[in-house]
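Student: I have a new model on screen. Can you show me how to read it?

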Amino acid sequence: MPVSPKQARTLKHRSWVAFLVLPPIVFMSLFVVYPILSAFAYAFYEWRGLARGEFIGLANFRDVLFGATMAPVVWNAFLNNVQALIALMIIQNGGGFLLAWLLYKEPFGFRFHRVAVFVPVVLSTIIVGFLWKLFLNPNFGLVNQALLSVGLGAFARPWLGDPSTALGALILANAWHFIGFPTLVYLAGMQRIPSEIIEAARLDGTSEWQLLKSIIWPLVAPSTTILFTLLFIGAFNWFEIPYVMAGLDGSPFGNTDVLGLVFYRTAFGNQSASIQNFGEGSALATLIFLFIVVFASMLTLWLRRREIQF
Amino acid sequence: MSTAPASSRPISFAFLVQIVLIANSFIMLYPVVVMIFSAFKSTAEIFEHPFAIPNFTQVQNFARVLGETSMPTYFMNSIVVTGTSIVLIIVLGTMAGYAIARYESRTNTFILLFFLAGLMLPLKLAVIPLFILLRDLSLLDSRWSLIVTYTAIGLPSAVFIMAGFLRSLPAELEDAARIDGASEPRIMWSVMLPLALPPMAIAAIQNAVPIWNDFFFPLVFIQTDAYKTLPQGLTTFMGEYTTDWGMLFAGLTIAAAPITLLYIALSRQFIQGMTAGAVK
């Protein structure tokens, strides 16, 4: 059948557009959509090593949530994730907000401080984890050495070996690594507030504290929404810092165990005793995923309502 | 912001701001400085004088890290994996972004939503099926396993950045070229893309830092030492030299050096790129 010039043009046009969109779509379908859909399906099967066995319904989920071996480990890890989330909300996001406010005033040297606070953010978590592990070494670590040298040797302790300080040490290392991120996101949010609003408030004699609490904090609500949601997702995906600083088993005695470590141990096993359970691993991944999606959406919707248009 | 009347604001407040900021920058930078200093010391010196300034001509630790460990291999792998992933992300992201932004189509919204879903879903939690898929494709335990994974993770954000920018370009540019008889590929390549280099740079930086630093996917996918990237290789290295602290700090310093130097040189672009997702 002969093709009219117009049809030829649209055919040519269509194949050009298809050439542009199909490779990215195929790539995404193969390496994102298919794995994610399979992740849900895998959780309903029994697995023997890398081979898929029988369809067993919700048995994997039951083992993860209520089974005698898995459940105590999972719930312990979950509570550690929650502790990390709460502590990081205060230290990392709260601290970031205060630092942003100080930088917003553009005091002497603020350009330097802005660059400095972001230096740890660009470093690999593995570098940060090892660095702080060396600094927190009980005998030769910088932290205990510093305490000794200023006469506070009584406070020196094996930070990562002591059950009462281990999780806190990981949280502080994480805050050191990432506090620059909320700081600079909040700073950008503050710089977008129209200067007339701030000046009007100043003319009315508003105190610095009032300004911060009643004007700046509500007006940076969009930054808060994004930062709190990202931290929520990050806290329940927490893996590298605990893995490097405390090890795969969340030592001491599971005090630093988090869901990310439990997932890795379940799915890919200890390197020494390579026991793999893809079924329970998939079930745990599915549960973490659903938990994050449901609560992160609720959190986002709730935080969005605070946002004011200006 | 120094609009407040100077008289009402005691000097001590400005002083307090300075104290807090200097203290914070000290806390942020001092650990990095100690890391670099310690890399020039022997283990005995680190234990005895942890705070002392070293003799910077003592570079034995660095020489040993580069000469007798696999660090240079890890380094090259990181460069190859990050570089290839970024090229693929930018090429595929620009293709999809261009089609969405410049050609009217009923399917555009669907395509955009498709990539939006990819932006929201953490691929980390689909690592088991990804592991099996890569094994079936015989990509497991190779650099390609990482490259395709990172491209899949980075592609949605690149599509959004590119589509957002390309949409803002005026239609007159294209129309003028079309009247001159230029083909669609030629318009894209010679007229539109030369204008789109800044958003490409943003998309590249935004993805390069997390890819360069990633540890989780190599941990799961790579066994062979020759294919390990820097963060994963670092865990092998740290395990081998546990008691040789001079070596450990030299290894950490070498691993941290490229990205830190690049950041210091391009801090504005880094900050813009890395916060691009959270700052509108």
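**Reading the two chains**

Tutor: Start with domains. This is a predicted model. In chain B, the centres of domain 1 and domain 2 are 37 Å apart, taken over C-alpha atoms.

Student: Which residues of chain B belong to each domain?

Tutor: Domain 1 covers 11-64, and domain 2 covers 70-240.

Student: How many residues of chain B are in contact with chain A?

Tutor: Count both sides of an interface. Here 71 residues of chain B meet 67 residues of chain A. On the chain B side, helix 1 (residues 11-39) gives the most, with 13 residues. By class, that side holds 57 nonpolar, 12 polar and 2 charged residues.

Student: Where does helix 7 of chain B bend?

Tutor: At Gly154(B), by about 35°. A proline, Pro156(B), follows within four residues.

Student: Is helix 7 of chain B mostly covered or mostly uncovered?

Tutor: Mostly covered. Of its 25 residues, 21 are buried.

Student: Which residues of chain A does UniProt annotate as "transmembrane region"?

Tutor: The unreviewed entry lists several spans, including 115-135 and 215-239 of chain A. Compare such a record with the model. Residues 115-135 of chain A are 90% helix and 0% strand, with end C-alpha atoms 24 Å apart. Residues 215-239 of chain A are 84% helix and 0% strand, and their end C-alpha atoms lie 37 Å apart.

Methods
Residues numbered from 1 in each chain as written. Chains lettered and ligands numbered in written order. Predicted model: local features only at pLDDT ≥ 70, side-chain atom pairs only at ≥ 80, totals over all residues. Contact = placed C-beta atoms within 7 Å. Helix = DSSP H or I, 4+ residues; strand = E, 2+ residues; numbered from the N terminus. Nonpolar A, V, L, I, M, F, W, Y, C, P; charged D, E, K, R; others polar. Domains from an automatic or database assignment. Bend = angle between axes of the 7 residues up to and from the residue. Buried ≥ 20, exposed ≤ 12 C-beta atoms within 10 Å, placed from the backbone. UniProt positions renumbered as here; feature names shortened; annotations may be inferred.
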